Amino acid sequence: MPSDSINTKLSQLLNVPAPILIAPMAVATTRSMMSAAARAGAFPFYGAGIDSSAQIVDVLRGVRRDLGLPDEAPVPMGVGFISWILTMTESPDSEDKRLEKVLAEKPKAIWFAFGDDLNIYVDKVRAFDAEREHKTVVFVMVNSVEQAVRAANEWKVDVLVLQGIEAGGHGGATAPPLSILLCAVLPVIPKDGPLVVAAGGISNGAHIAALLTMGASGVVCGTRFLYTEECAYSPEKKDVLLRSDLGSTKRGMMFDEMGKTMGWPAGIDGRAIANGIWKDAVDGLAMEERFRRLEEAKGQQSHLIIWAGEGVGLTKKIEKTQDVVRELRRETTENLTRASTLVLV
């Protein structure tokens, strides 16, 4: 039986058998998902969202215990932060500066997203690591060639995450499709620059194999892991996902308006299941009426905020995280092996 280990510069950097990452999805990722993914050979990111430092540290320590690692050992996972939330939590008058407390727990990686000033936080990580042996791998997510060039040349990040328009949750409202963005970015990144990882709409091994052959050093899967037992989504949300088909998601700010999660930088919006929340906005209803309908439908599937990407419709069952990782690894190696037969030597 062929090995399902996949060797790329990213898998070497992160010391994992497959360059498959779980996206840092706030309100969806859990400690149990992180531990299961790490055991199965993927590299998981926990979505910090608005969690307190104590909550994030508890996840990191819990995963360390789950994996049977010593108390001071680095944790084989990452934590994802959103810039505009960091602006609040890292301000001088903040009572809970999260970044340093998280770094002290030695996560293998940190991920920053959504902002033109992410270099501030990249520099903070570098300064913190300068005082110790452990070095944190810094990921930054971008949605354009211009952002990628700046992060690579000015911020000197370790890994660029290229997020295409297909991605669920938040992203660039005018981002190109992932395959186009990848083809545009790879030629302009220095050969000795950051590794490049692909994100957006990736649901199976065929997707992963295709992106690896295009030049990505790894991939990020988000929506695929919403269909897991460990995902924090409610049974009602998972039921909607299982009944969704291709084309079931739409982009816009209406989901954040109803969820009262506004604050995103200009040019950023969110992709979610296009249910009553989306329809009310598209129909031009006044904000007051939209909130009234949201309250009236409280708890009903018609008005749940369900962040998801264009990959919905390609998965039709809820599985354990470890089984999803193993399936993705197997499918990827099968597709890469099949692709190799197309070349005559």
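How much space lies in the largest pocket? In this predicted model, the largest pocket holds about 920 Å³ of space. Its lining is formed by 48 residues, and Pro24, Met25, Ala26, Gly169 and His170 are those that lie nearest the centre of the pocket. Several elements give two or more residues to this lining: the strands E2 (43–47), E3 (75–82), E4 (107–113), E7 (169–172) and E9 (218–221), together with the helices H4 (83–89) and H11 (254–259). By residue class, the lining of the largest pocket comprises 29 nonpolar, 15 polar and four charged residues.

The nonpolar interior was examined next. In soluble globular proteins, nonpolar side chains tend to be buried together. The largest nonpolar core of the model has 103 residues, within which Phe81, Phe112 and Phe139 have the most contacts. Strand E5 (residues 137–142) provides the largest share of this core, namely six residues. When residues up to four places away in sequence are not counted, Phe139 touches Leu10, Leu14, Leu21, Phe45, Ala109, Ile110, Trp111, Phe112, Val159 and Val161.

Helix H10 (residues 235–243) presents two sides. Lys237, Lys238, Val240 and Leu241 of this helix are buried. Viewed down the axis of H10, the buried residues fall within an arc of 155°, and they therefore line one face of the helix. Pro235 and Arg243, on the other side of H10, are exposed. The packing partner of the buried residues of H10 is strand E11 (268–273).

Terms used. Residues are numbered from 1 along each chain as its sequence is written. This is a predicted model: local features need pLDDT of at least 70, side-chain atom pairs count only at pLDDT 80 or more; totals for chains, interfaces and linings use all residues. Side-chain values use heavy atoms; hydrogens and water are left out. Buried means under 20% relative accessible area, exposed over 50%, partly exposed in between (1.4 Å probe, protein chains only). Helices (H or I, at least four residues) and strands (E, at least two) are DSSP runs, numbered from the N terminus. The arc is that of the directions from the helix axis to the C-beta atoms. Contact means heavy atoms within 4.5 Å. On a 1 Å grid over the protein atoms alone, a cavity is a set of points where a 1.4 Å probe fits but cannot get out, and a pocket is an open set with protein on both sides within 12 Å along at least five of seven lines; lining residues have an atom within 4 Å of a point. Grid points are joined across faces, edges and corners, and a volume is the space filled by probe spheres set on the points. Ala, Val, Leu, Ile, Met, Phe, Trp, Tyr, Cys and Pro count as nonpolar, Asp, Glu, Lys and Arg as charged, and the others, Gly among them, as polar. A nonpolar core is a set of buried Ala, Val, Leu, Ile, Met, Phe, Trp, Tyr and Cys residues joined through side-chain atoms within 4.5 Å.
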